[in-house]
Amino acid sequence: MHCTRKVTDELTWTGADDRKLSLFEGVYPVHDGMSYNSYLLSDEKTVLFDTADKAVTESFLENIRYTLSGRKLDYIIVHHAEPDHSASLAAVLREYPDAEIVCTAKCAEMLGQFTGMKLNVHTVAENDTLSSGKHVLRFITAPMVHWPEVMVTYDETDKVLFSADAFGTFGALNGALFADEVDFERDFLPEARRYYCNIVGKFGMQVQMLLKKASALDIKLICPLHGYVWRKNIELITEKYNLWSTYQPEEKAVVIAYASIYGGTEKAANITACMLRDRGVKTKVMDMSVHTSDELVAECFRASCLVFATPTYNGGIFIKMEEALRNIAAHGIKNRTCAFIQNGTWMPMSAKLMREILSSCKDMTFIDDPLTVKSVLTEEQFEETEAFVNEIASAV
Ligand code: FEO
């Protein structure tokens with residue numbers, strides 16, 4: 001049986017949830033599954049906006065059959081060629097071989113690579129339009145949000161923005177479709193942040209270009225390819241995107257990320273957190289042996305100040321911390337204050353190495369003197385630790 005929801009009288013959500021997925025893109029843990037959104041517009045012509053991941057092809061096809069109710073499928077608009085949205089394309093075309101694909105030239109090239117099929121494609125460019133009868137669909141390019149071929153579509157008739165990966169979130173929909181049907185800020189904002197920072201965090205400039213184009217449109221609905229549809233309080237998510245894409249912290253706060261082997265570094269992280277709280281500074285402490293690096297990337301986008309604490313390990317940085325730092329640098333974080341705690345029973349040197357990794361990031365302020373721990377912090381180091389914490393507190 002079909003499992004669909006109405007977005008408007010003429011627009012139907014035909015996507016599906018996958019709760020069996022453990023790692024999105026093979027790297028990001030998704031504890032609450034993933035949604036693959038697709039939408040079908042029933043106008044004089046029928047228009048399918050994107051397909052879905054191969055994990056949900058069967059349900060997805062059932063939804064399309066039901067929504068079309070025996071009508072032919074005229075157009076398939078492909079906003080993004082990545083297989084989480086295009087892997088079901090071949091299956092759709094087997095049932096609806098006369099459907100015309102509408103996408104950018106770059107996307108057509110990629111779809112050819114992924115499917116190995118000769119496709120019936122109508123390529124479009126910036127501001128081209130397509131009429132489906134009552135609805136006029138305007139295409140707007142959004143390169144690198146998330147891949148170079150990406151475009152979004154604006155339905156001028158109903159003022160709907162089909163936003164591709166933008167404004168998405170990790171997590172299955174679980175029956176709700178609209179962001180106002182859930183407590184988004186409480187339950188989904190952290191996952192929207194983790195999704196944004198890890199998927200497109202590096203491409204802030206390109207996200208800004210899309211936001212600028214979107215700001216010129218009268219948008220009543222945002223239909224992303226993952227997560228909830230926005231019909232109320234749209235500013236909540238667009239304002240977050242503006243902060244994230246300009247690398248402005250959401251909060252004056254300190255994230256203390258540590259890796260620890262026998263607990264000495266962990267204790268130093270906890271002492272730092274307690275001293276900062278004594279000074280009225282908000283803190284979050286993360287054990288990188290428990291948390292994944294994508295969680296830390298998201299926290300680095302949220303908070304204004306970052307403290308990294310790790311033992312020196314094989315003359316380098318302890319493994320989990322090194323992976324996390326390289327991931328942070330790869331996602332292009334900017335404009336943060338960083339401090340370092342290094343541990344070493346005989347030759348502590350990890351602060352210098354951690355700073356070197358983050359030196360590729362722009363507009364960073366580094367607190368020069370690290371806190372050095374030789375196995376464990378001692379009472380004799382109380383004043384030195386206070387001085388380290390005071391410097392962080394005054395930078396927040
Ligand atoms: Fe959801 Fe970039 O694919």
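Visitor: What should I know before I start?
Guide: The model is predicted, so local features need pLDDT of at least 70 and side-chain atom pairs count only at pLDDT 80 or more, while totals for chains, interfaces and linings use all residues. Residues are numbered from 1 along each chain as its sequence is written, and side-chain values use heavy atoms, with hydrogens and water left out.

Visitor: How many helices and strands does the chain have?
Guide: Helices (H or I, at least four residues) and strands (E, at least two) are DSSP runs, numbered from the N terminus. Here you get 13 helices and 23 strands. The radius of gyration, taken over C-alpha atoms, is compared with the globule rule, 2.2 Å times the number of residues to the power 0.38. This chain has 24 Å, close to the 21 Å that the rule gives for 396 residues, so it is as compact as a globular protein of that length.

Visitor: What share of the residues is buried?
Guide: Buried means under 20% relative accessible area, exposed over 50%, and partly exposed in between (1.4 Å probe, protein chains only). In this chain, 56% of the 396 residues are buried.

Visitor: How do I read a pair of rings?
Guide: You describe two aromatic rings by the distance of their centres and the angle of their planes. Rings of Phe, Tyr and Trp (its six-membered ring) pair if their centres lie within 6.5 Å; planes under 30 degrees apart are stacked, over 60 edge-to-face, and the rest tilted. The count comes to 19 aromatic pairs. Take Tyr28 and Phe170: their centres are 6.2 Å apart and their planes at 35°, so the pair is tilted. Tyr28 sits in strand 5 and Phe170 in the loop between strand 15 and helix 5, so the pair ties together parts 142 residues apart in sequence. Tyr28 is buried at 9%, and Phe170 is buried at 1%.

Visitor: At what angle are the planes of Phe184 and Trp230?
Guide: They are at 70°, with centres 4.7 Å apart, so this pair is edge-to-face. Phe184 is buried at 6% relative accessibility, and Trp230 is buried at 3%.

Visitor: Which residues make the nonpolar surface patch?
Guide: Ile261, Tyr262, Tyr313 and Ile319 make a patch of about 480 Å². Tyr262 lies in the loop between strand 17 and helix 9, and Tyr262 is exposed, with a relative accessible area of 81%.

Notes:
Patches are made of residues with over 30% relative accessible area and no salt bridge: like charges are joined within 9 Å, nonpolar side chains (Val, Leu, Ile, Met, Phe, Trp, Tyr) within 5 Å. Accessible areas come from the Shrake-Rupley method with a 1.4 Å probe; for residues, only the protein chains shown count as cover. A salt bridge is a side-chain nitrogen of Lys or Arg within 4 Å of a carboxyl oxygen of Asp or Glu.
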